[in-house]
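Here's a quick tour of a protein model, with an eye on strand pairing and charged side chains. Have a look at the structure first, then read on.

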Amino acid sequence: MANKRALSWSVAMRDIQNDRARRMDVREERLRTTTGLRGTPALPLSAWRGRSGRRYVVGIHALDDDPAAVGDAVVIAVRRGGDGTAELVAVAAAGETPRERLARGWLTRARARGATEMHVHRLAEDAAARRAVVADLGGASA
């Protein structure tokens, strides 16, 4: 007996397109850290997947941390639900010049929209790369 499954080409293409559409959503992808190792604290790391499919590794910080100390980075305000899922509330680029630094108003607006955490991506090399990350994550600013 041969087990053969007939698959329509149009159905296969539709499934591929639907899968791509699902993967295009901006979402958090939790990272495994050093939680299981003895004697070392767990690293508060996570990652965000942008619309392009690129992954951005972030450090997780309390919302009360000073945003001026962030430096050259992309900062993501996140609302963490009771079930542990993260929702992007706002994203902004921070740089060296005072104009590029996060204003306290941005953090206050993000907090008012329900942000509970601040995720910081420090691996963007320059201002253009930081702007590209912000655009890829949706550019939703508070």
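How many bridges join strand E2 to strand E3? Five, with E2 (residues 45-49) and E3 (residues 55-62) running antiparallel. Keep in mind that this is a predicted model.

## Strands around E3

## A salt-bridge network

Three salt bridges turn up in the structure. Arg80 and Glu28 make one of them, at 2.8 Å from N to O. Arg80 sits in strand E4 (residues 73-80) and Glu28 in strand E1 (residues 27-30), so the pair ties together parts that are 52 residues apart in sequence.

Arg80 also forms a salt bridge with Glu117, where the closest N and O atoms are 3.0 Å apart. That pair links E4 to E6, across 37 residues. Together, Glu28, Arg80 and Glu117 form a linked network. As for burial, Arg80 is buried at 18% relative accessible area, Glu28 is buried at 16%, and Glu117 is buried at 16% too.

## The Arg79 pair

Next up is Arg79, which forms a salt bridge with Glu87, with 2.9 Å between the closest N and O atoms. Arg79 is partly exposed at 28% relative accessibility, and Glu87 is partly exposed at 43%.

Key. Residues numbered from 1 in each chain as written. Predicted model: local features only at pLDDT ≥ 70, side-chain atom pairs only at ≥ 80, totals over all residues. Heavy atoms only, no water. Pairing = 2+ DSSP bridges. Helix = DSSP H or I, 4+ residues; strand = E, 2+ residues; numbered from the N terminus. Salt bridge = Lys/Arg side-chain N within 4 Å of Asp/Glu carboxyl O. Buried < 20%, exposed > 50% of the residue type's maximum accessible area, 1.4 Å probe, protein only.
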